Amino acid sequence: MSRNDAIAAPRPVSSPDGEPLFVPNAMTAAVVAALGACVLLNAALLVAQLRLYRAPDGSHAASESETWVDSLTGTVLFAFLLTGFVFLRWLWQMRVNAEALAPGGHRMKRGWTTGAWLIPVVCFFLPKRILNDIWAASSPPDRPRRTGGLLTSWWLVFVAAQLLAYPSPSRGPLPTGMAGAALYVVAGVLCIGVVRRLATMQREGLRGCD
């Protein structure tokens, strides 16, 4: 933890098991930057897919567009995996903080914070349950502790994007791929809002713990 990452407080705070409580500013910025890159890459992929869709079959333009689609698809998948790794590392710290802010407000053990994303089918609903608890624990005490509309909107768009696009063993119909890329653009923008809002709520909440 760097000096810039630490919460300005008169004395250090820690979780019940001794882990430090802080909002990782550098990692939050990294998550936002990675999400921004994913948004731009998916936007570029969507443009390439549109060009391929409009190009006459067998034409040079179609061949060139297909090359771009294949290349960008691989790049987007790599960016998706890299962003997921950074996001989950950031989310783990958010969960540690949330346990201190609301010790009895979590329905799943901490290990599910990362594990829930790796199990087929379960990954479509269990991470949202964990995120709901983190969001509620991080909410200001003078406001209802419930899931925010921003969080729910992001999750619905994100799940829809996964069902339509990546990762997939083979590319489906082009219109479906375009819809998936467009939804990933929207999901990325919404997720940036979720990350920034959650970091802000926890920063304020941790200051209130001292």
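How close do the axes of α2 and α4 come, and at roughly what angle do they cross? In this predicted model, the two axes come within 9 Å and cross at roughly 50 degrees. The crossing in which α2 passes α4 is left-handed.

| Helix | Residues in the contact |
|---|---|
| α2 | L91, M94, R95, A98 and L101 |
| α4 | I130, L131, I134, A137 and S138 |

Sorted by class, the contact of α2 with α4 has 8 nonpolar residues, 1 polar residue and 1 charged residue.

L91, listed for α2 in the table, also belongs to the largest nonpolar core, a set of 39 residues in which F87, W90, L91, W117 and W154 have the most contacts. Two or more residues of this core are given by each of α1 (25–54), α2 (60–101), α4 (126–138), α5 (149–164) and α6 (174–208), and α6 provides the largest share, with 10 residues. When neighbours within four places in sequence are left aside, L91 is in contact with T113, W117, L131 and I134; of these, L131 and I134 are also part of the α4 side of the contact between the helices.

Notes
Residues numbered from 1 in each chain as written. Predicted model: local features only at pLDDT ≥ 70, side-chain atom pairs only at ≥ 80, totals over all residues. Heavy atoms only, no water. Core = buried A, V, L, I, M, F, W, Y, C linked by side-chain atoms within 4.5 Å. Buried < 20%, exposed > 50% of the residue type's maximum accessible area, 1.4 Å probe, protein only. Helix = DSSP H or I, 4+ residues; strand = E, 2+ residues; numbered from the N terminus. Contact = heavy atoms within 4.5 Å. Axes fitted to C-alpha atoms, helices over the stretch in contact; angles between N-to-C directions. Left-handed = near helix turned anticlockwise from the far one by under 90°. Nonpolar A, V, L, I, M, F, W, Y, C, P; charged D, E, K, R; others polar.
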